[in-house]
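User: Hey, I'm new to this one. Can you walk me through it?
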Amino acid sequence: MLILVINPGSTSTKIAVYDDEKPILLRTINHSAEELSQFDDVLEQQSFRKQVLLNELQQAHLPMNFDAVIGRGGLVKPLEGGVYEINEQMVIDTHSGIAMHNHACNLGCLIAYEIALEIPGCRAFIADPGVVGMLSISAP
């Protein structure tokens, strides 16, 4: 199984490609303050970061034939720890979360979903979103 992992941070995007459990690519793509200053908020960085990631994969001669794409979980509704398959509702929730919490981790979900949609048979996931642990805080 070929897996692409995406972890957007405030000034970098970390990516990894695994063939089953074997890492075949590990990269940290740093984004300068000048590059990021052209965007008013994190959501506007989605296309930019996706393209930088795709360029890195192309330079590494890795074809876009992933079985799964997993992104760092975003700030969605409170969830228990684990792995969740991304669906349209999660994308909507992530966009809503961006309005409240303008954090780069939200891009992990959005970029993973977008890339997986372009690859036949590929599935998109998030793991342990930043809201893990908030479940008990938000429960009545």
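User: How many helices and strands is that?
Analyst: Five helices and six strands. Mind that this is a predicted model, where local features need pLDDT of at least 70, side-chain atom pairs count only at pLDDT 80 or more, and totals for chains, interfaces and linings use all residues. Residues are numbered from 1 along each chain as its sequence is written, and side-chain values use heavy atoms, leaving out hydrogens and water.

User: Which strand does S2 join?
Analyst: S2 (residues 12-19) runs antiparallel to S3 (residues 22-30), with eight bridges between them. Strands count as paired if DSSP finds at least two bridges. One of the partners is Leu25 in S3, bridged to Val17.

User: And what's in the hairpin between S2 and S3?
Analyst: Two residues sit between the strands, and Asp20 takes a positive phi near 55°.

User: Switching topic: why is H4 called largely enclosed?
Analyst: Because ten of its twelve residues are buried, meaning under 20% relative accessible area with a 1.4 Å probe, protein chains only (exposed is over 50%, partly exposed in between). Among them are Leu107, Cys109, Ile111 and Tyr113.

User: How much of the chain is buried?
Analyst: 46% of the 140 residues.

Technical notes
Helices (H or I, at least four residues) and strands (E, at least two) are DSSP runs, numbered from the N terminus.
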